[in-house]
Amino acid sequence: MASEKSSSSLVLLDPHASDEPFPPVEMAWDEPNGLLAFGGDLSPTRLINAYKSGIFPWFNPDEPIYWWCPDPRAVLFPERIKISRSLRKSIRKNLNSGYSIRFDTDFSSVVKACAAPRALSGGTWITNEMHDAYQRLFEQGIAHSVEIWNNKEELVGGLYGVASGGVFSGESMFSRERDVSKIAFVALAWHIKHWGYSVIDCQIANSHLSSMGAIDIPRKQYLQILKTSRAFEQPHWDFVEDIDLSRWDPTESL
């Protein structure tokens, strides 16, 4: 694991001191991008402090807990989300066929679905330990799920993440049917804008998120948004039923 910075800059966290401060994010490695610390635990106290500092955990099952704060940071400003014509048709088709969008009704199942092996990957970074950690955050009203249910009352898509101040950090999404994770993402963006959150933190860019409008911004800018954005106390999210997402123009005021 090569880096332009000395390996001595990678801080070992004490698993018995959940409230210890994280090192300054400027100490994060350049390669791999954003690696800041390892060790510690996944207690609610540690995780809440991490997200407030722009830091998140990401590690494989056979590794210690690694903590990251990459530069640049992938984000999506809700007013800049891209909703293609085909996606709008898909939203109309699914919702007119008895599909429904729900928040926070089965958080555990969403995380487990996100942890399931993907077509191009046989493994997952969402271990049982990670599931239990985010379930505890959900029970505290800090983590949330966006869910797509089909007309047979089956969970077919969704995402989950963590609210911190005026930022929602998306952790993972899944899709068992075409476009349903995208529909969940559009629903998230509408509500984030409606409620007054500043941005959706996508952490690290990928082609799927970029196609929907996610962009890279400097870490410094992201941390400023995190520091200055309005804080919310919403222990439970409720989906606004009377919106037509297929006709939503993100650039217009709600």
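The actual numbers: helix H2 (residues 85–96) and helix H5 (residues 180–195) pack at an angle of about 95 degrees, and their axes are 10 Å apart. Axes here are lines fitted to C-alpha atoms, for helices over the stretch in contact, with angles running from 0 to 180 degrees between N-to-C directions. The names come from DSSP runs numbered from the N terminus: helices (H or I) have at least four residues and strands (E) at least two.

Before going on, know that this is a predicted model, where local features need pLDDT of at least 70, side-chain atom pairs count only at pLDDT 80 or more, and totals for chains, interfaces and linings use all residues. Residues are numbered from 1 along each chain as its sequence is written, and side-chain values use heavy atoms, leaving out hydrogens and water.

Which residues in H2 meet H5? On the H2 side they are Leu87, Ser90, Ile91 and Asn94, and their partners in H5 are Lys182, Ile183 and Val186 (contact means heavy atoms within 4.5 Å). Sorted by class, this contact has four nonpolar, two polar and one charged residues. For the classes, Ala, Val, Leu, Ile, Met, Phe, Trp, Tyr, Cys and Pro count as nonpolar, Asp, Glu, Lys and Arg as charged, and the others, Gly among them, as polar.

## H3 and its surroundings

Now look at helix H3 (residues 107–115) and helix H4 (residues 128–139), which pack at an angle of about 150 degrees with their axes 10 Å apart. That angle is why H3 and H4 count as roughly antiparallel to each other. Where they touch, Phe107, Ser108, Val111 and Lys112 in H3 meet His131, Tyr134, Gln135 and Phe138 in H4. By class, that makes four nonpolar, three polar and one charged residues.

H3 is largely enclosed by the rest of the structure, because seven of its nine residues are buried. Buried means under 20% relative accessible area, exposed means over 50%, and partly exposed is in between (1.4 Å probe, protein chains only). The buried ones in H3 are Phe107, Ser108, Val110, Val111, Ala113, Cys114 and Ala115. What do they pack against? Their neighbours are H4, strand E7 (143–149), strand E8 (155–164) and strand E9 (167–175).

## Rings that pair up

Rings of Phe, Tyr and Trp (its six-membered ring) pair if their centres lie within 6.5 Å; planes under 30 degrees apart count as stacked, over 60 as edge-to-face and the rest as tilted. By this rule the count comes to 12 aromatic pairs. One of them is Phe103 with Phe239, an edge-to-face pair at 5.7 Å centre to centre, with 90 degrees between the planes. This pair links distant parts of the chain: Phe103 sits in strand E6 (residues 100–103) and Phe239 in the segment after helix H7 (219–228), 136 residues apart. Phe103 is buried at a relative accessible area of 3%, and Phe239 also counts as buried, at 17%.

Trp195 and Tyr197 make a tilted pair, because their ring centres are 6.4 Å apart and their planes are at 55 degrees. Both Trp195 and Tyr197 are buried. Together, Phe103, Phe168, Trp195, Tyr197, Trp237 and Phe239 form one aromatic cluster.

Is Gln203 buried or exposed? Gln203 is buried, with a relative accessible area of 8%. Leaving aside neighbours within four places in sequence, Gln203 is in contact with Tyr51, Phe56, Pro70, Arg73, Ala74, Ser169, Gly170 and Glu171.

Cys202 is in strand E10 too, and Cys202 counts as buried at 8% relative accessibility. With the neighbours within four places again set aside, Cys202 contacts Ala74, Val75, Leu76, Phe185, Leu209 and Ala214.

## Sequence versus space

Cys202 and His16 are 186 residues apart in sequence and 30 Å apart in space, C-alpha to C-alpha. Gln221, found in helix H7, is partly exposed at 36%. Between Gln221 and Ile101 there are 32 Å, C-alpha to C-alpha, and they are 120 residues apart in sequence.

Notes. Angles under 35 degrees count as roughly parallel, over 145 as roughly antiparallel, 65 to 115 as roughly perpendicular and the rest as oblique.
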